[in-house]
Amino acid sequence: HFRALYDSLLERFPPPRPTFVELHGSGFRDVEPFRASMTDLRTLATFVFNEEIHVPCDLFDVSWDRLPHDATRVRVSCKANYTLDRKRQQQIYSAVAQHLATLLASGGWRPMSGNDQSSCASETDSSVATSPVILRHCILGVVDSAEGMLSIRYAMEGAPADLRLLFHLATQAAHSSQSTCGIT
């Protein structure tokens with residue numbers, strides 16, 4: 001009699017939820033801590049266009065999180081504003097794509113061949129899905145930009161150590177751009 005009463009009580013409660021292992025296919029493991037400063041993001045968003053260095057006027061809408069399917073990887077995104085002429089949008093897009101492709105090649109995450117713009121900008125490229133570091137950018141429309149500004153959204157993904165190396169390479173690239181453009 002008590003067994004039947006106990007079983008009827010259990011039917012009123014929801015079944016147990018799946019465990020972490022059942023959801024993610026592996027047990028909990030330590031994840032590497034991650035931190036990026038606004039200076040890191042600003043340096044990554046600095047690029048050369050028309051032999052001039054363009055540093056974002058401001059950065060906002062910054063977010064970062066761990067990937068739901070792989071807690072060892074981090075995704076960071078931000079929006080950068082520039083005082084650039086929107087009429088030159090395609091050339092600006094190409095300059096930023098070249099800048100990001102150079103950073104990926106410097107880190108050894110992508111091969112850099114002569115004039116391979118299509119593979120730099122292509123997000124469907126098979127190497128993008130398996131790369132330790134993924135960089136994306138897009139120029140936002142007039143509605144999503146401050147008045148008189150051109151806004152670019154940047155997104156990067158990778159292991160914390162790889163992203164730290166990416167920020168270091170961006171800092172080196174900014175210093176070499178300053179010397180190339182004659183800024184001391």
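Helix α1 (residues 2–12) holds both Asp7 and Arg3, which sit four residues apart, about one turn of the helix. In this predicted model, Asp7 and Arg3 form a salt bridge whose closest N and O atoms are 3.6 Å apart. Asp7 is partly exposed, at 31% relative accessibility, while Arg3 has a relative accessible area of 60% and counts as exposed.

## Salt bridges to strand β6

The count of salt bridges comes to four. One of them pairs Asp61 with Arg153, with the closest N and O atoms 2.4 Å apart. This pair links distant parts of the chain, since Asp61 belongs to strand β3 and Arg153 to strand β6, 92 residues apart. Asp61 has a relative accessibility of 45% and is partly exposed; Arg153 is also partly exposed, at 23%.

Another salt bridge runs between Arg73 and Glu157, where the closest N and O atoms lie 3.3 Å apart. Arg73 counts as buried because its relative accessibility is 14%, and Glu157 counts as buried because its value is 10%. Salt bridges with shared partners join Arg73, Arg75 and Glu157 into one network.

## Pairing of β3 and β4

Strand β3 (residues 58–67) pairs with strand β4 (residues 70–82) in the antiparallel sense, over eight bridges. The two strands are joined by a hairpin of two residues. Across this pairing, Trp64 stands opposite Val76 in β4.

## Ser151 in strand β6

Ser151 is located in strand β6 (residues 150–158). Its relative accessibility is 0%, so Ser151 counts as buried. The side chain of Ser151 makes a polar contact of 3.3 Å with the side chain of Ser145.

Leaving aside residues up to four places away in sequence, Ser151 touches a set of residues that includes Lys79, Ala80, Asn81 and Arg86. Also among its contacts are Cys138, Ile139, Leu140, Asp144, Ser145 and Ala146.

## Cysteines

A disulfide is a covalent bond between the sulfur atoms of two cysteines. The structure holds zero disulfides. Cys78 has a relative accessible area of 2% and is therefore buried. Cys138, one of the residues touched by Ser151, counts as partly exposed at 35% relative accessibility.

Conventions
Residues are numbered from 1 along each chain as its sequence is written. This is a predicted model: local features need pLDDT of at least 70, side-chain atom pairs count only at pLDDT 80 or more; totals for chains, interfaces and linings use all residues. Side-chain values use heavy atoms; hydrogens and water are left out. Buried means under 20% relative accessible area, exposed over 50%, partly exposed in between (1.4 Å probe, protein chains only). A polar contact is a pair of N or O atoms within 3.5 Å; within protein, one must be able to donate a hydrogen and the other to accept it, and residues adjacent in sequence count only if both atoms are side-chain atoms. Contact means heavy atoms within 4.5 Å. A disulfide is a pair of cysteine sulfur atoms within 2.5 Å. Two strands pair if DSSP finds at least two bridges between them. A salt bridge is a side-chain nitrogen of Lys or Arg within 4 Å of a carboxyl oxygen of Asp or Glu.
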